[in-house]
Each structure stands twice: as C-alpha cells, then as structure tokens.
Amino acid sequence: MQVEISKGLAVERVELRSEPLERTVLIDFYLPLHIQPEELNLLLINDGQDLVTMGFEKLMDHLLGEKKIQPLLCVGIHCGEDRKHEYGLAAAPDFKGRGAKAALYQRFIIDELLPFISEKYNVDSFRERAFAGFSLGALSALDIVWNHPHLFTRVGTFSGSLWWRSKDKSDKDYDESSDRLMHQQIRNGQFHPSLNFFFQCGTMDEGEDRNRNGVIDSIDDTIDLMKELLQKGYREGKEMIYYQIPGGRHDVATWAHALPTFLQWGWGRTSS
C-alpha cells in the first residue's frame, strides 16, 4: 500500500488478488479529499499504468482545485502481462484468438473490483459509474459498459481498437460492415437511454487506410461505430461526443491532452 497526498487528492496503490484472472491486479485510487461518500462519482480506467506515466494526479488535482469537475474517484487498473487476452470483447475473441480472457476480466471488474471499491470507501451507491480506456483498453471499457447499462452510464474511448474483427482484413471474404466485432455487437444490441459515449481520435493515430478513402482506419472505425449508435437513437452532441485532435498520436501524451475535455464533459461544473 502506498499513499501520497497532494493539496486536494490522495493517491493510494493497492494489490487486489483476482480469482478469475488468477493473478494480483495493481490498482491506483485517486480520491478527492474532504468529500462525503454520497457526493462521489466513480470512474474506472483501464491501462492505469499510463495514468502514472502522464502524471494523472497533477491533472486531477488541478481540475478539482479549480472546481472544474465534480468530486470523482478515479481508479487506474494496471494491465497484466496477458493484456492482449484480458482486454477485448467478452462475447468472442478476434480472428487471432486475442481477447480469450476478456470474459474473465469482465468478471473481475463486476464481481470483485466494484464490490471492493464500495466496501473500501463505504459507498453503497455512487452518483454515477463510468469506465474509460486507451487503445485496446478502450475497447474493453466500451464492451463492459455496453453490456452492463445497469451499472455504468458513461464510457470514454481514447484511440479505441475498434478495428477488432472476426476475420483478417486480407481475407478475400472480409467485410468491414459485418466483421468488426464491436460494430456488430452494437448493431445487434438494444438502445440503453442511460448511456453516454465519448470518442477520441488523433489524425496521426496510425498510418493505415485499408479502404483507401484518405481517412486513417482508426478514425473510420470510430465514425462507423458512431453511425451504429446513431441508428440506435443516440444523438451526436448529446449522448455522444467525438473529439478529434489534429496531429494527435497513439500515445500517452495525446491521451493526457484529451482527458481534461473528457472529464469536464462527464463531470464538469456549470459554475465555479
């Protein structure tokens, strides 16, 4: 256990043993000080090690100190060595078998982590629960939120691996309209009026353009997924936000730049 206290934020590191994952998960808790439990919102974040790299505690301390966001307990979940199998879609692995442990990771989040947080901070019911992630961790967060609308109301997807597919794109019968797994899951799913979505991409997130339309794949995949959500009834600018960063890359620095926009979108104060 490690506790560091800044002006308005306590950061605590905990090791939590997971039965379904059969490993110990390293977790960082970023807790606003002098806050009553009933005031707290909860945000889980995959790839919590990236929060350490970007100095997330300083970002949060500033936003809270300037009263730019509501009280928010952030939980940075460090990835394990088997990241490519624990992150993904719980329903099915991709064409290479990646994501084979995603259902186990989902069990860890729902059955172990959430109860642990509630007990640790003596919170029976947070004002709101949300989940966010970067790259493959973003896909994992989106999958968990989409399939648990009774638990979560928001998701933040930063450079999401929304290309996740059931067939190799080089296969002759590959069809991006049906073979991208998260797109298909949303297309076959139901409208959940409580859900809100934040999508971020950078114009230099990658270099690939599989359909040669002049738009990189990560942006295409994100826009196409938003179209699926539009078909379900979600409204852009309302329940769904797209934030594109000119020159933004697939890296921690870009995600650190985008995080304040996400945090103020989800939990911003109307006045200081």
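Trainee: Which residues of the largest nonpolar core touch the most other members?

Mentor: This is a predicted model, and in it the largest nonpolar core holds 48 residues, of which Leu44, Ile77, Phe108, Ile109, Ile117, Phe152 and Phe197 touch the most other members. A second, separate core of 28 residues includes Leu63, Ala132, Trp255 and Trp267.

Trainee: What does Phe108 touch, not counting residues up to four places away in sequence?

Mentor: With those sequence neighbours set aside, Phe108 touches Leu16, Ser18, Pro20, Leu21, Val25, Ile27, Ile77 and Leu113.

Trainee: How should I read the packing of two helices, and at what angle do α4 and α5 pack?

Mentor: In general, one describes two packed helices by the angle between their axes together with the distance between those axes. Here helix α4 (residues 102-120) and helix α5 (residues 136-147) pack at an angle of about 60°, their axes lying 11 Å apart, and the two helices are therefore oblique to each other. The crossing in which α4 passes α5 is right-handed, and the contact is made by Tyr105, Gln106, Ile109 and Ile110 on the α4 side and by Ser140, Asp143 and Ile144 on the α5 side. By type, the residues of this contact are four nonpolar, two polar and one charged.

Trainee: Which residues of helix α2 are buried, and what covers them?

Mentor: In helix α2 (residues 56-65) the buried residues are Phe56, Leu59, Met60, Asp61, Leu63 and Leu64. Their cover includes the strands β2 (9-18), β3 (23-32), β4 (41-46) and β5 (72-77), along with the helices α1 (48-54) and α9 (252-267). After α2 comes Lys67, whose phi is positive, near 55°.

Key
Residues are numbered from 1 along each chain as its sequence is written. This is a predicted model: local features need pLDDT of at least 70, side-chain atom pairs count only at pLDDT 80 or more; totals for chains, interfaces and linings use all residues. Side-chain values use heavy atoms; hydrogens and water are left out. A nonpolar core is a set of buried Ala, Val, Leu, Ile, Met, Phe, Trp, Tyr and Cys residues joined through side-chain atoms within 4.5 Å. Buried means under 20% relative accessible area, exposed over 50%, partly exposed in between (1.4 Å probe, protein chains only). Contact means heavy atoms within 4.5 Å. Helices (H or I, at least four residues) and strands (E, at least two) are DSSP runs, numbered from the N terminus. Axes are lines fitted to C-alpha atoms, for helices over the stretch in contact, and angles run from 0 to 180 degrees between N-to-C directions. Angles under 35 degrees count as roughly parallel, over 145 as roughly antiparallel, 65 to 115 as roughly perpendicular and the rest as oblique. A crossing is left-handed if the near helix is turned anticlockwise from the far one by less than a right angle, and right-handed if clockwise. Ala, Val, Leu, Ile, Met, Phe, Trp, Tyr, Cys and Pro count as nonpolar, Asp, Glu, Lys and Arg as charged, and the others, Gly among them, as polar.
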